[in-house]
Amino acid sequence: MLNVSIIGASGYTGAQLVDLVHRHPAMSLKGTYVSQNSADSGKSVAALHGQYAHLSQYTLTPMSDDTLGYLAADMDLVFLATPHEASHNWMPELSKGKAKILDLSGAFRIKDTQVFEAFYGFAHTATDCLEDAVYGLAEWYSDDITAAHIVAVPGCYPTASLSALKPLMEAGLLDSNVRPVINAVSGVSGAGRKAALGNSFCEVSLQAYGVLGHRHTPEIEAWLGTGVIFTPHLGNFKRGILATVTVKVKAGTSQQQLNDAYKNAYQGHDIVRLRDSFPKVDDVVNTPFVDLNWKLDETSGYAVITSAIDNTMKGAASQAIQCANLVSGLPVTEGLI
């Protein structure tokens, strides 16, 4: 059994990880941690999240000065469901030992430190860890993940967007003169568990935010290899992301070429479901899947791809489990399907 600890276990993603690790046949959850001054310290995961009322044995322990060294030396896997700054500051110490680190923050996803500082608001100084970190989009970088010591688990919007776009990019079908346009709607859980006026029940409607400046834009561009126009939206539902992506393909591209690109890219990847109709959020909520469908207007050369994921699962926790399986030599879907 793999010894596992989770830092940041009180939030939506952290609690989802607790449940997934608890049910995983090859993992044993040894520690659930929160920050030193967290109001949730000493409480059980069950007390905070009613759907996990059966997990009362997992108590949230505050981090201490000795915790990082202990986790690095004694754990096989450590999940970080923490703020970006915390992951950035803790990674040099946490990655010194045998433990493989699965970081769900954005601290190690972008290799360009100037771009990182511009979008995240603080300077990146953990450059050795940044160099070692592997991007954890499981269907596309499995070989690199398998050999990694630090995995930067992708953001939820980039997971949905890149899953839709990379087959076309890799097949050389995109018109390089026209940026893909990504309109994506996320449930409120994507904003985290901390109370805020904009996330309250009476305030949430359907609105765009982070227009032409969201921090997931450079992440998508870096791992796609081209510029995009990305507009996130907040929807009045709890979980899920629906991304509708409009692209211009090269002249003469056929619908069959698109079909072949997606089938070739995802053959043997059971987490990706290629649908015969456009998916909806409810199709993927509380599942680890990404559902895709696409359609080409051969006259205009524009195609529309829809990608649906659960932002807390494939957009965070279950993708982290995929990566943990890979670094541990397990089947990528172990504990998920």
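These legends describe close-up views of one predicted model. Residues are numbered from 1 along each chain as its sequence is written, and side-chain values use heavy atoms, without hydrogens or water. Local features need pLDDT of at least 70, and side-chain atom pairs count only at pLDDT 80 or more, while totals for chains, interfaces and linings use all residues.

**View 1. Helices α1 and α11 pack at about 40°.** Helix α1 covers residues 12–23, and helix α11 covers residues 313–327. Their axes, lines fitted to C-alpha atoms over the stretch in contact, lie 10 Å apart. In α1, Thr13, Gln16, Leu17, Leu20 and Val21 meet residues of α11, including Met313 and Ile321. Contact means heavy atoms within 4.5 Å. By class, this contact has eight nonpolar, three polar and no charged residues.

**View 2. Phenylalanine 116 and phenylalanine 122 form an edge-to-face pair.** Rings pair if their centres lie within 6.5 Å, and edge-to-face means planes over 60 degrees apart. Here the centres are 5.2 Å apart, with 90° between the planes. Both residues are buried (under 20% relative accessible area, 1.4 Å probe, protein chains only). Phe116 and Phe122 form one aromatic cluster with Tyr120.

**View 3. Tyrosine 135 pairs with tyrosine 141.** This pair is also edge-to-face, at 6.2 Å centre to centre and 75° between the planes. Tyrosine 135 and tyrosine 141 are both buried.

**View 4. Arginine 273 lies over the face of phenylalanine 289.** The distance to the ring centre is 4.1 Å. A charge counts as over a ring if NZ of Lys or CZ of Arg is within 6 Å of the ring centre and within 35 degrees of the ring normal.

Key. Axes are lines fitted to C-alpha atoms, for helices over the stretch in contact, and angles run from 0 to 180 degrees between N-to-C directions. Helices (H or I, at least four residues) and strands (E, at least two) are DSSP runs, numbered from the N terminus. Ala, Val, Leu, Ile, Met, Phe, Trp, Tyr, Cys and Pro count as nonpolar, Asp, Glu, Lys and Arg as charged, and the others, Gly among them, as polar. Rings of Phe, Tyr and Trp (its six-membered ring) pair if their centres lie within 6.5 Å; planes under 30 degrees apart count as stacked, over 60 as edge-to-face and the rest as tilted. Buried means under 20% relative accessible area, exposed over 50%, partly exposed in between (1.4 Å probe, protein chains only).
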